[in-house]
Amino acid sequence: MSNTGYYSAIVPQASASVVAHAPLMIDLLAYIEQHIGEAELGTESLQQAFALSRASLYRLFQSRGGVARYIREQRLCTAHRYLQAYPECSLTWLLYEMGFASERQFQRCFQQRFGMPPMQWRRHCRAAPATHSPRRGHY
């Protein structure tokens, strides 16, 4: 099966342009996931890492709401899952670990996305039974 057929099967209504850029998009998303905790992750760092123009990068992320919005969403969802798994962690540590520049920015974005501040979500997770089992054996 050719790559074009593979991507057409995944996204059947994708235009030829989207299908042509699918491998690049996969690489971009993987890069974002690997560098999510870096505060400097953004349009400029992606442009440099992938040798893309700003217009090309924006065009690639247009269907995802834009570059900054996509990165912020990934940071928030990762923080949300982390708090759920480890509700005893420090919010200050977590917000910097996720690449947010300030506590206020993190709180505002988290509340807007999930409908409650991170402290309230953490309290909720502390009250809920643990959903992860401790690791066994070698790490």
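Helix axes are lines fitted to C-alpha atoms over the stretch in contact, and angles run from 0 to 180 degrees between N-to-C directions. Helices (H or I, at least four residues) are DSSP runs, as are strands (E, at least two), numbered from the N terminus. The model is predicted: local features need pLDDT of at least 70, side-chain atom pairs count only at pLDDT 80 or more, and totals for chains, interfaces and linings use all residues. Residues are numbered from 1 along each chain as its sequence is written, and side-chain values use heavy atoms, with hydrogens and water left out.

The axes of helix H5 (residues 67–85) and helix H7 come within 10 Å. They cross at roughly 85 degrees. H5 is therefore roughly perpendicular to H7 (65 to 115 degrees; under 35 counts as roughly parallel, over 145 as roughly antiparallel, the rest as oblique). Contact means heavy atoms within 4.5 Å. On the H5 side, Arg72, Glu73, Leu76, Cys77, Ala79, His80 and Leu83 take part. They meet Phe106, Cys109, Phe110, Arg113 and Phe114 of H7. The residues of this contact divide into 8 nonpolar, 1 polar and 3 charged. Here Ala, Val, Leu, Ile, Met, Phe, Trp, Tyr, Cys and Pro count as nonpolar, Asp, Glu, Lys and Arg as charged, and the others, Gly among them, as polar.

Aromatic pairs were searched for across the whole structure, and 7 were found. Rings of Phe, Tyr and Trp (its six-membered ring) pair if their centres lie within 6.5 Å; planes under 30 degrees apart count as stacked, over 60 as edge-to-face and the rest as tilted. The ring centres of Tyr31 and Phe50 are 5.4 Å apart and the planes stand at 80 degrees, so this pair is edge-to-face. Tyr31 lies in helix H2 (residues 16–34) and Phe50 in helix H3 (residues 43–50). The pair links distant parts of the chain, 19 residues apart.

In the pair Phe110 and Phe114, the centres are 4.8 Å apart and the planes at 50 degrees, so the pair is tilted. Both residues lie in H7 (residues 103–114), 4 residues apart, about one turn of the helix. Phe100, Phe106, Phe110 and Phe114 form one aromatic cluster.

Phe110 counts as buried at 0% relative accessibility, while Phe114 is partly exposed at 22% (buried is under 20% relative accessible area, exposed over 50%, partly exposed in between; 1.4 Å probe, protein chains only). Beyond its neighbours within four places in sequence, Phe110 is in contact with Leu76, His80, Leu83, Gly115, Met116, Pro117, Pro118 and Trp121.
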